[in-house]
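Colleague: Could you walk me through this structure, step by step? I would like to begin with the chain as a whole and then turn to single parts.

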Amino acid sequence: MVVTMIFRCSHVVESHAVPTYHVCKEEIHMDAIYEPRGAALEYCEAACNLYRGCVHGCRYCYAPSAVRRTREDFHSGRQLRDGILDALRRDLFAGACGDSRVLFCFTSDPYQVGCDNSATRAALEMCSAASRPFAVLTKGGMRAADDFDIYEGNGWFGTTLAFTDDRSRQAWEPCAASVESRIEAIRTAHSLGIRTWVSMEPVIEPAQALDLVIELRHDVDEWRVGRWNHDARANSIDWTEFTSRAIRTCLDTGADFMLKEALHRYACPGAITRYVDGQVVARRTA
Ligand code: SF4
């Protein structure tokens, strides 16, 4: 007798939801490409999570509680999800989520230190072969650069970074790549003609975040700016002041930018919240 279990998972890392799994005793049908929900939709219309667990150990990571694992367990290792590459190949063939750009990854990092990241390369190669646009988001720094040859015309490279002082990075993202390595990765990608973007979230040190925008003004095509959430210490930050300065600083660079929804209430009515190709796409309306 085959016993079938069907359940829904809703994991969250920095408010990012992951897909539904249908698990059967004899076979696993997973949605490799899925449409994110909630705040994650601000980032992309399609995503793929290749791994479980993350060794980067960020202090603000909410994934462990969301997946009911202890922090120690979640950050102690990383596993490739069983069958994920086969499922991705199938979903690409089937045109899952239309032709939306696929983000790697929300619930883990595609380039982790001390890990074999060849599955990430395989996934990007599949997207490239299928002419499916993709975007990478990582704190892996130059570990990602070995795969930049796959991006041509199809891929965007993004890093999460909100610090300029590596001592802050060590305190908050102890096992992720250094600030220097992440900046080098962005600059390398940009020099190769790859569209670059930075997820500046969570902003824990506002002055450093604003300095970063200036430091990388020639290297970043798009900024995505989000506040620090779920921590009482964030209440001591003047978010109104930061939001105003972030908008002005991004406009001064001429790069595209997007304020995450959680910052909109700190913007002045009418302030620009989304700016693309020199055009205002959205403003705060209330
Ligand atoms: S990179 Fe940091 S925030 Fe993202 S999954 Fe890994 S530990 Fe969590």
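Predicted model: local features only at pLDDT ≥ 70, side-chain atom pairs only at ≥ 80, totals over all residues.

Colleague: How many helices and strands does the chain have?

Modeller: The secondary structure comes to 9 helices and 14 strands.

Colleague: And what share of the contacts with a separation of 6 or more comes from residues 24 or more positions apart?

Modeller: Such residues account for 67% of those contacts.

Colleague: Let us turn to the sheet. What is the strand order in the open sheet of 9 strands?

Modeller: The order is β4-β7-β8-β9-β10-β11-β12-β13-β14, and the pairing is mixed. At the edges stand β4 and β14, each with a single partner strand, so one side of each has no neighbour in the sheet.

Colleague: What holds neighbouring strands together in general?

Modeller: Strands of a sheet pair through backbone hydrogen bonds, in either a parallel or an antiparallel sense.

Colleague: Is β9 mostly covered or mostly open?

Modeller: Strand β9, residues 155-160, is mostly covered, as 6 of its 6 residues are buried.

Colleague: In which sense does β9 pair with β8, parallel or antiparallel?

Modeller: Strands β8 (residues 134-138) and β9 pair in the parallel sense over 5 bridges. Phe134 stands opposite Gly155 in β9, and Thr138 has Thr159 as its bridge partner there.

Colleague: What about β9 and β10?

Modeller: β9 and β10, the latter spanning residues 195-203, also pair in the parallel sense, over 5 bridges. In this pair, Gly158 stands opposite Trp197 of β10.

Colleague: Now a helix, please. Which residues of α3 are buried?

Modeller: In helix α3, residues 84-94, the buried residues are Ile84, Leu88, Asp91 and Leu92. Seen down the helix axis, they fall within an arc of 100°, so they line one face of α3.

Colleague: What do those buried residues pack against, and which exposed residues are on the face turned away?

Modeller: The buried residues of α3 pack against β6 (79-80) and α4 (118-129). The face turned away from the buried side carries the exposed residues Asp86, Phe93 and Ala94.

Colleague: What follows α3?

Modeller: Gly95 follows α3, and its phi is positive, near 70°.

Colleague: And where is Cys97?

Modeller: Cys97 lies in the loop between α3 and β7 (102-104). Cys97 counts as buried because 20 other C-beta atoms lie within 10 Å, and 20 is enough to meet the cut-off for a buried residue. Leaving aside residues up to four places away in sequence, Cys97 touches Ile33, Glu35, Glu45 and Ala46.

Colleague: Which residues have the most contacts inside the largest nonpolar core?

Modeller: That core has 67 residues, and those with the most contacts inside it are Cys48 and Leu103. Helix α6 (residues 179-191) gives the most to this core, with 5 residues. In soluble globular proteins, nonpolar side chains tend to be buried together.

Colleague: What does Cys48 touch, apart from residues up to four places away in sequence?

Modeller: Cys48 touches Ala32, Ile33, Leu88, Val102, Phe104, Cys105 and Ala123. One of these, Leu88, is also among the buried residues of α3.

Colleague: Finally, how many residues surround the ligand?

Modeller: The ligand is surrounded by 11 residues, the closest being Cys54, His56, Cys58, Cys61 and Asp109. By class, the shell has 6 nonpolar, 3 polar and 2 charged residues.

Technical notes. Residues numbered from 1 in each chain as written. Buried ≥ 20, exposed ≤ 12 C-beta atoms within 10 Å, placed from the backbone. Helix = DSSP H or I, 4+ residues; strand = E, 2+ residues; numbered from the N terminus. Arc of directions from axis to C-beta. Contact = placed C-beta atoms within 7 Å. Core = buried A, V, L, I, M, F, W, Y, C linked by C-beta atoms within 7 Å. Near = placed C-beta within 6 Å. Nonpolar A, V, L, I, M, F, W, Y, C, P; charged D, E, K, R; others polar. Pairing = 2+ DSSP bridges.
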